[in-house]
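Subject: Structure handover and notes

Dear colleague,

I am passing on a structure for you to look through, with some notes on what was found in it. Please keep it open beside this message as you read.

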Amino acid sequence: AIVARRACTSMGASCAASWLGDLSCNNNSYCGSPRPSGDSEASRHCVSYCSTATDVAYVTDVEGHWPFFCNFVEETEGLRFAKQKDPRRARCAADLELVLEEGWHFVFGGDCCDKGPGTLRFLETMVNLKDKYPERVHLLLGNRDINKMRWTAELAQSELDRVFVVPRAFWLPSHTITHVDYLKELSAKVEGVPLGDVTQEMVFAQNTVANKLKYLLDKDMGSQGEFEFRRKELAYLGNVPEEQIDDNQVVQSYLESLRPGGVMHKYLCRAQLVVQLGSALFVHGQLIGNHFPPEQVSGADESHVAWSLGVVPNELERVLCIKEWARRLNAWSAQMIKNWEKEPVWIHPPREPSYKEWVGRGGSELISYGTPGTRVPTVVYCRFLSKQSMPLDYPPDLVDLLLEQGVRQVVVGHTPHGNTPTVIRQKELTVIMADTSFSHNQSNCFFVGDNRGNAACSVEVHDGGCEVHGRTEKNRRFEFEVDAVSGEDRLVGKRALLCNDDEGKDFFVKLRFKPQRSQDPTYLLSHIHGFTYEYTELNFADTLRAISGEMVSCSSQTGVLGSHTPEEDFICQFSQPVSDYSRNGRKSSKSDHQACINSQRLLRLCTTRRHRAALLTAFPTLDIKRLMLKVHAAELTDKGTFSARDLSHLLSCQDQTVPEAVFFPVVTKLETPTKASFPHSLGSLSLMSPNYIKPCHMQAYTADVDIWEQEAREYSLQTKEVKKVLPIGSAATSLLQKTPRHLVLRSFFSPISKINIPSTVKVGNQIPEEAIYFAWSYPFLTDWDPLDDDVESCCACNSSYSSVGRDPDAAFLQVGGFVYLDARYKPIHILAAVPDDTGAGALKFGAPQHLDMAWVKHVRSNDAHPVTIRSLHEKGVVEFFWAPPGLEGHTNGGGPRDNVFGGFVYVGVNLSNFERSLSRSSCI
């Protein structure tokens, strides 16, 4: 469904590569019988146990929320997108490729679909990632994945033909409306007649696959709105208006995804029910449930409690060896998938809502296993909570069994439990409930119906320990080790009794917020009642008192508290007012005036990776480059502060800002040395090898070289390893201390080129003889503290590189440098670009050349990097990129001239006037 196919002629599309399927089939039936596909062979790569897995990244219950998954990738160290383009806006499969870092495993906890317009992109991404790293990627089956197996039988034409006798699913409550009653209500609405006057002919007129699918989604599967989400995604991927996607096209998309070779079919064939990686055990739901009726579920006691651990359907004895249980349970689910492939439609269609009547198709036991109607304790449709939905401790014998067999963490999803994962501690065992699908109910942040908002987190297992880090829906940072026995993190997961409004309530410690600079740690405590979440924040001392049994008074609120840093607070405060101004043009209110920011801070937000991502999350349609250009052009940098109204007006007014570009070529010799400032001159740079940052610290995808020759490629720095070797007190150490502990430093290589410098220069810079290629490495950090509140003093700093000095490691982080690669494209040498105010640096630049913006946009529009040097920032420069040797203008001109050794292109406003008198020089 998500592959390039012939575009549908009914849409009038001419593009040969469309995300829409061929829609010429009859949409009122499940077309054709299954074809042999080999997809089931993927089950060979379903690893049930791996003792050597030391680094594991985990996310669960994405449920079609593509932006949420993109936010997760930005949070985790283990995954990254192969391309530098914003993945949230991806329209083709090539832009969805992920890279799993060396040594890492990845677990998706199940539930791909049903709650957002991103299911197709997410499924395609998961399937491709599994095929790329079959032994290190582990996909789990959730109830929302398994239930799609039903559609091959229940959407068949034979089911429509017997619409008047088709019963409701046996696991649904007796008051659930049947399909025929749903059609009667629909007919009455369409025909404008009383319900009692609806005829059989009217019902048959509405008896289509589309309406059956809507019934199943809305009334049966708890997926209200999913049909329209799919329409929205098809329109986006096909780059057409939603009105051009009719119901039949939506239906065909679902059916295509379930046929052999379809993306949902592929996912089912590659997924499993359980996996143990090192000391961590992963399932979708739970290992124990307290919602199993004893008259229905074998092994359940009078309290409706039963262990799912050790239970394999069709086996009489419980399997007490966890590794063997995992192997057998996965083998059983794989066999059920194969049975479904062989018999996808009803052999004996049901006539009443009973378990016995609903077994007449392939895979029926697995389908039942993923529903409330299961006959055995299941790890899929399973939860273990109090009646108020508060977390419960495992029974002691279950804890002992897990610990005896080396399990220290149980990681589950399925049950939404607030804005961040919930931690439950017992002895040396920790249970992490990681489903955050209701982190911000009715936020409508990314789309109407969005219940997640901006919250995102990564659950990571490292060498037997586990940590959680991320942000709340208000962009407030948190990080903690879930199994810490000492220090500040040991309080997370503990229970507390708090007094709120003269009423004592049970709370549990949800998380530890990341402290800002020297502040003491604070904790978020939560009380849950059903789907209502009550939060309060306490400092370390009060939290310690509360978990020690002392009644602590507090004030609480529904939802989470405000954001943390001034920048993140600005983003959160502005997101709703700007949206209101843009759409409704409403007048200002007092609260809007409180959301103001210094324009210099806004521009600095646009240059840091973390805050650029937060800006795009708050304003999904924001063009950051356009914003920076407009702020510079409007000379708001001297205005002081501006509000939501200012920003809305700035973004909505007709775009008259004209960007300009200049090119500075690298030269071996300056004919006429000059001390003029930018943009008349660029000065020089020294090239020095970093003392501690080495090529072995770089993690980059080195395949698809033909693509790398044309566009920039993202890579990451092993920040933890670098911090270990940097000396205390060095400039580079100081820089890294200002970054969040779990923030993965990522940057980009420019397109690679063959080395063409003179051999003397090569030898003089100790470039290895085996170096064949080179690329420019863009900087990781800005040369100012993005969290610095003192904007005035920050901007008044005289030195452009005050924190760099002559430290090549700090220069590589803030300025960038050249990286040299061998014949296999492996980095083997680094030369950092170190500022040189004397003009005697080895890297010299010739006179500036004005470039045509049409050429810039055509050649390198996606490779540009935000400028990270403050002095350039202040002069109107928005972004820059490295132009490799030989990259010149086309026959019509507009590009660089005499580009022998490469050079830098700068884009901004007011850059073409090379005669302006400016105050600073030697900037890059």
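Which strands does helix 1 (residues 66-75) lie across, and at about how many degrees does it run to strand 14? Before the answer, please keep in mind that this is a predicted model. Helix 1 lies across strand 2, strand 5, strand 14 (456-462), strand 15 (465-471) and strand 16, and its direction is at about 45 degrees to strand 14.

Those strands belong to an open sheet of six strands with mixed pairing, in which the order is 6-5-2-14-15-16. At its edges are strand 6 (137-139) and strand 16 (477-481), each of which pairs on one side only, and neighbouring strands are turned against each other by 15 degrees on average when direction is ignored. Within this sheet, strand 2 (residues 55-59) and strand 5 (residues 104-108) run parallel and are joined by five bridges, and Tyr-58 stands opposite Val-107 in strand 5.

There is another open sheet with mixed pairing, built from six strands in the order 1-7-8-11-13-12. Strand 1 (49-50) and strand 12 (422-426) stand at the edges with a single partner strand each, so one side of each has no neighbour in the sheet. Helix 12 (residues 322-342) packs on this sheet by touching strand 1, strand 7 and strand 8, and its direction makes about 145 degrees with that of strand 7. Strand 7 (residues 274-277) pairs with strand 8 (residues 280-283) in the antiparallel sense over four bridges, with Gln-276 opposite Leu-281 in strand 8. Helix 14 (residues 396-404) lies across strand 8, strand 11 (409-412), strand 12 and strand 13 (429-433), running at about 105 degrees to strand 13.

A pair of helices also deserves a look. The axes of helix 9 (residues 226-238) and helix 10 (residues 247-258) come within 10 Å and cross at roughly 95 degrees, and the two helices are therefore roughly perpendicular to each other. On the side of helix 9 the contact is made by Glu-226, Phe-227, Arg-230, Arg-231 and Leu-234, while helix 10 contributes Asp-247, Gln-249, Val-250, Val-251, Ser-253 and Tyr-254. By class, this contact has five nonpolar, two polar and four charged residues.

Is strand 38 (residues 903-908) buried or exposed? Six of its six residues are buried, so strand 38 is largely enclosed by the rest of the structure. Gly-903, Val-905 and Val-907 point one way from the strand, whereas Phe-904, Tyr-906 and Gly-908 point the other way. Strand 38 runs antiparallel to strand 25 (residues 660-667), to which six bridges join it, and it also pairs in the antiparallel sense with strand 37 (residues 877-883) over six bridges. Phe-663 stands opposite Val-905, and Trp-882 stands opposite Phe-904.

In the segment after strand 38 you will find Leu-911, which is buried because its relative accessible area is 0%, under the 20% cut-off. The C-alpha atoms of Leu-911 and Ala-661 are separated by 6.6 Å, although these residues are 250 residues apart along the chain. Leaving aside residues up to four places away in sequence, Leu-911 touches Glu-660, Val-662, Phe-678, Pro-679, Lys-875, Val-877 and Tyr-906.

Finally, a search of the whole structure finds zero disulfides. Among the cysteines, Cys-50 counts as buried at 15% relative accessibility, whereas Cys-696 is exposed at 57%.

With best wishes

Methods
Residues are numbered from 1 along each chain as its sequence is written. This is a predicted model: local features need pLDDT of at least 70, side-chain atom pairs count only at pLDDT 80 or more; totals for chains, interfaces and linings use all residues. Side-chain values use heavy atoms; hydrogens and water are left out. Axes are lines fitted to C-alpha atoms, for helices over the stretch in contact, and angles run from 0 to 180 degrees between N-to-C directions. Angles under 35 degrees count as roughly parallel, over 145 as roughly antiparallel, 65 to 115 as roughly perpendicular and the rest as oblique. Contact means heavy atoms within 4.5 Å. Ala, Val, Leu, Ile, Met, Phe, Trp, Tyr, Cys and Pro count as nonpolar, Asp, Glu, Lys and Arg as charged, and the others, Gly among them, as polar. Two strands pair if DSSP finds at least two bridges between them. Buried means under 20% relative accessible area, exposed over 50%, partly exposed in between (1.4 Å probe, protein chains only). A disulfide is a pair of cysteine sulfur atoms within 2.5 Å.
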